[in-house]
Amino acid sequence: VSFLNPWAFLFLLTAPLLVLLYFLKLRRPQIRVPSTLLWRKVVEDMRVNAPFQKLKRSLLLLLQLLALLAAILALTRPLLRVRDHAHESLIVLLDNSASMNAVEPHGQTRLQLAQAHIAQIADNLAGDDEMMLIAFNAGARAACGFTANKRLLREAAAGVAPTDCPTEIEPALLLAKSICNSRSHPRILLFSDGAFGETANLELPVDVEYQRVGSPRPNLAITGLDIRRSLDDRSRIEMFAAVENFSDQPFAGNMTVRLDDDVLDTKYFSVGPRETLSQIFEASLPAGGNVEVRFDAADALACDNAAWKVVEPPVRRRVLVVGENTFFIERVLRSSPGVEFKTVAAADYGAGSANDVTTAIWNNVPQPALPPCDNIYLGCFPAVEGLTQGGQIDAPDILDWDNAHPLNRFIDYDNLIVASTVSMTLPPVATAVLRSSQTSLICVFDTAGGSACVVGFDPMRSNWPLLVSFPLFVNNCLSFFEDAQKRRMERNIAVGRSLSVPGARAAPSIRLPNGRTETMKKNPNGEYGWADVRQCGIYRVNLAGGQGYAVVANLFNRRESQLDGTQEPAVGGKKAKPLHAARETNREFWRIGVMILAAILAIEWIVYHRRLFV
Amino acid sequence: VTKTPQQLLDADLIRRLDQLALVSRKMSTGRMKGERRSRRRGASTEFADYRNYMPGDDLRFLDWKIYGRLDRLFIKLFLEEEDLRVYLLIDASPSMEFGQPAKLLYAKRLAAALGYLCLTRMDSLVVKAFGDRLIQSYGPRRGKANSAAFFGFLGSIRPAETTSLLQSFKTFAQTNPARGIAVVISDFYDFDGYEDAFRQLFARDFEVLAIQVLSPEEIKPGHQGDIRLLDAEFSLTTDISMGKSALDAYARTLSAFCGGLKDYLGGHGGHFLFASTDTPFERLILDVLRRRGIIK
């Protein structure tokens, strides 16, 4: 309770005056009687026979004091935070992403805690309130439409299944926003652990009320897994696993590599607080297979303790080198295992030159072509929308490179000296993997027929061909292109994405990581697919002809794995406000004071006249 | 206000009063020969008793018939007929001025009627007006010839300051040793009570007749609301919230007060009469007083 006009309490000082006036009293009409002898006896008798006579007098004083208090109360204009009894529409957003599977100290997952809380809210719904439930992870879906049926709401909350998906809150907010516009007194209640980062500046009609679920928990996660065939021996694979510790406590354990349930290798590892460990495995794998890497450290979240990768059988790479002075390139390709190449001059390149070629390397060719394969452009630029070259830049410094990018694997550019390069403007889809302070030096992007890597400077006008990073770069390009090809085939996908089987004529079946087998349905593009990739693991697609292949889904999401609760969520550009038990509003209730005053005066009038006539 | 006899008593009532007399239930001793039997033995024709002859007794009163039968001398005693001493004590306190008509006027008329009876029947009439003491006095007088002076005295009675029954009756009893009928006309409002006052009269063997005169406003007050009552005689006030309960309580108290007075007097051989000033005066005299045996 607060008061708009607290100064009115000063009127309390008049209370003693009222008491004084009361006792000084009413001016009674004076009536002369022959004698008061009998009247005195009457008064005495009445006092004796009516023990409440004094109380009656006191009651009047009490009523007058109460009336004064009621008047002062009204003058102070009191405010009360009261529940707004307007018909409310509660839109509950429930996060069922991967991080919500984190186990809390008492054994329940965050999702279970949120479900219990939502059930409680459903139980406490007022009679005219309605509630709906939206479950969101990588996407959003309505788990229950608006209803006042508490049983339905409880069941809907309990029925929201856990997923291993990353969190995308914007679809849920957009859905809630569209619903808000058609409802009176909407409220958006968000139940999440906050692992959704910043959201775009969505203009929501109401503030989002946020209930953080869970407490900071220690977690160790595999945040990256890459497998490639050895450059020396294509029958062997090299595995690169990034293990990140998101807590302040060290972890240690064994990391095991399995190929279709057969253990390939096991290594002991330990990782310090807030450290990232790169674990490398090598194994012989002449054919393809599904590789699983898993560690056995006990942490709060299980789904990021393993990663999967589909390894294709080794393929022969056919490379076409176009241009002059390709000595260093040919030397690199010649030393690369599994690579067949041929060289043509730029003038000899024709429309059919790139047939059956997996990769074309364009060495300082003016106006190079963009054949439907992977391309590497050295000191030249293809005609791609958004990619433009500017003026020449002499002696660009090497400022930065993305050492997490597969193209830069094992590469150190510190010793690279470039005589000159041209300024490069990148298309929006391109990623710069090497930058100088003036311009990007190397970028990579996808094209209609494959991938393209553009080196902005002529390697022959640098010391790069003499450095070890050059052959590594070329081989990284070839491996990256090979992986990109595989990515396009959707054999390794992120959990939460949909899976499609292009070209399938009959409905394939799919065996999920939990062992259940389902039949695929056609997606809006007319392809058979599976939209519910919500668990990490291996999905086996069985085509109608008896053939099949595996698709693996991984989390690889640092935000989901980071369970230490340091993220402060902001929704719609504003910090989410805490969850209120109910919609509240300030209500002035001075009228109640006036009503009390009137009631007291009426009672006083009755009491006064009862004294006269009763 | 001086009242003429015609104002206090109308001619018709006076004519009818000529046929009546005040009843005394006690035989009293008067000062003069009158028409009332006395305790004294005298020369009337009314036989009273016998006693043995003593030398020196008047031989005319020897009962010769008994001497003839018993051979013993007895003297026949006869009742003396003497006058009756009637005292009218009129309360002239301020409380008697209330009412419409005023209680004091009603008391004067009552006294006038009773006094006229006495004068007519050759009784000795003494009239005292009292407040906190005896303030005015008349008599003793006897004979109808004094009625005009008597009425004139009644008319001259002025209200006193306060009431003290005890003080007034005590003085009266001390200064009037001749016993008789003491008719007290008052409202008997005395904070010191009436018991001690009447005890003074009973102690001197007065035959007491108390006539309580109250006005209708006193018997059934019509006040309402929170009021302050001012005592007419004393500077006393009483705050009261006048309602049904208070009025009921007053009625009970008044009834107890009158009943207590009646019981007290009855217990001591006295008489009590309640008179409301709205009772027609003629009816009170000719009907009520006769039925109560106060006059005949």
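The model is predicted, so local features need pLDDT of at least 70 and side-chain atom pairs pLDDT 80 or more, whereas totals for chains, interfaces and linings use all residues. Residues are numbered from 1 along each chain as its sequence is written, chains are lettered from A and ligands numbered from 1 in the order in which they are written, and side-chain values use heavy atoms, with hydrogens and water left out.

Me: Why is β25 of chain A called largely enclosed by the rest of the structure?
Reply: A strand is a DSSP run of E with at least two residues, and a helix is a run of H or I with at least four, each numbered from the N terminus. Buried means under 20% relative accessible area, exposed means over 50%, and partly exposed lies in between, with a 1.4 Å probe and protein chains only. Five of the five residues of β25(A), residues 451-455, are buried, so the strand is largely enclosed. A:Ser451, A:Cys453 and A:Val455 point one way and A:Ala452 and A:Val454 the other way, and all are buried.

Me: What makes β19 and β25 of chain A a pair?
Reply: Two strands pair if DSSP finds at least two bridges between them. Four bridges join β19(A), residues 374-378, to β25(A), and therefore the two strands, which run parallel, pair. A:Ile376 stands opposite A:Cys453 in β25(A).

Me: Which strand does β24 of chain A join, and in what direction do they run?
Reply: Five bridges join β24(A) to β25(A), and the two run antiparallel. In β25(A), A:Val455 is the bridge partner of A:Ile442. The two strands form a hairpin with four residues between them.

Me: Why does A:Ser436 count as buried?
Reply: A:Ser436 has 5% relative accessibility and the limit is under 20%, so A:Ser436 counts as buried. The residue is in the loop between β23 (431-435) and β24 (440-446) of chain A. A polar atom of the side chain of A:Ser436 lies 3.2 Å from the backbone nitrogen of A:Gln438. Contact means heavy atoms within 4.5 Å; leaving aside neighbours within four places in sequence, A:Ser436 is in contact with A:Pro396, A:Asp397, A:Leu399 and A:Leu441.

Me: How do you know which orientation α6 and α7 of chain B have to each other?
Reply: Axes are lines fitted to C-alpha atoms, for helices over the stretch in contact, and angles run from 0 to 180 degrees between N-to-C directions. Helix α6(B), residues 165-175, and helix α7(B), residues 195-203, pack at an angle of about 10°, with their axes 8 Å apart. Angles under 35 degrees count as roughly parallel, over 145 as roughly antiparallel, 65 to 115 as roughly perpendicular and the rest as oblique. That makes α6(B) roughly parallel to α7(B). Residues making the contact include B:Phe169 and B:Phe172 of α6(B) and B:Phe198 and B:Leu201 of α7(B).

Notes
Polar contact = N/O pair within 3.5 Å; in protein donor to acceptor, adjacent residues only side chain to side chain.
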